[in-house]
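Have the viewer open as you read.

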Amino acid sequence: MTTETSTPTTTETVFVIDVNDRFAHLFTSVPDLLGTHEKGHVEPPRGLDFFDQDGRRLAPVFDESWQLIGLAKTNEKPDPEAIQSRLASVFAFLAEYTSGHPTEIADDYGLSVDEALCELPQLAGKSLSDSIAVLGGVTHYPAVADTEQKDPGNWFHNLMHKIS
């Protein structure tokens, strides 16, 4: 995979999707992704793919100590349909998991399976831009510098962290 530049990009919406399509987050920009200060969600390590709002793959840019410092656009052709399909797969997995774990969903989130399934975004048949609009529950918003991430997310955001 080649990149257009090694300079980090400042694209708008950034998708982070794990390679198994079991976890996804949206960030409002690359600086917002880099400024996320979540604690306790870094284990176990997982392979992550990065994309912009147009469906273009973004390559991670690291410093000499392997700290992520940015994302660079790749030369790959944008594929919004493929990214949309992956997002839909993440939420199909969450629906399947939720249905199979009613006690956990009730105990951890105070929801019945039916209530939880009604709250999950329905992404099948949507465009990537439509999905961006409905995925506020997994969108990270900027944290204040030098503080822990303040956006606790909704139940399915937290479930993705728990099970992936």
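## Aromatic pairs and the fold around them

Phe-156 counts as buried, with a relative accessibility of 4%. Keep in mind that this is a predicted model. Trp-155 is buried too, at 7% relative accessibility.

So how do things look for aromatic rings across the chain? The count comes to 5 aromatic pairs. One of them joins Phe-62 and Trp-66: the ring centres sit 5.3 Å apart and the planes meet at 55°, so this pair is tilted, falling between the 30 and 60 degree cut-offs. Trp-155 and Phe-156 pair up as well, and theirs is edge-to-face, with 5.7 Å centre to centre and 85° between the planes.

| Residue | Relative accessibility | Class |
|---|---|---|
| Phe-62 | 38% | partly exposed |
| Trp-66 | 67% | exposed |
| Trp-155 | 7% | buried |
| Phe-156 | 4% | buried |

Trp-155 and Phe-156 also belong to a cluster, which ring pairs build together with Phe-91 and Tyr-109.

Now for the whole chain. What does the secondary structure come to? There are 6 helices and 6 strands, and from the N terminus they run β-β-α-β-β-β-α-α-α-α-β-α. Of the 164 residues, 39% count as buried. The chain exposes about 8,700 Å², with carbon and sulfur atoms supplying 51% of that area. As for contacts between residues at least 6 apart in sequence, 63% join residues at least 24 apart.

How values were computed:
Residues numbered from 1 in each chain as written. Predicted model: local features only at pLDDT ≥ 70, side-chain atom pairs only at ≥ 80, totals over all residues. Heavy atoms only, no water. Helix = DSSP H or I, 4+ residues; strand = E, 2+ residues; numbered from the N terminus. Buried < 20%, exposed > 50% of the residue type's maximum accessible area, 1.4 Å probe, protein only. Contact = heavy atoms within 4.5 Å. Areas by Shrake-Rupley, 256 points an atom, 1.4 Å probe, with all protein chains shown as cover. Phe/Tyr/Trp six-rings, centres within 6.5 Å; stacked < 30°, edge-to-face > 60°.
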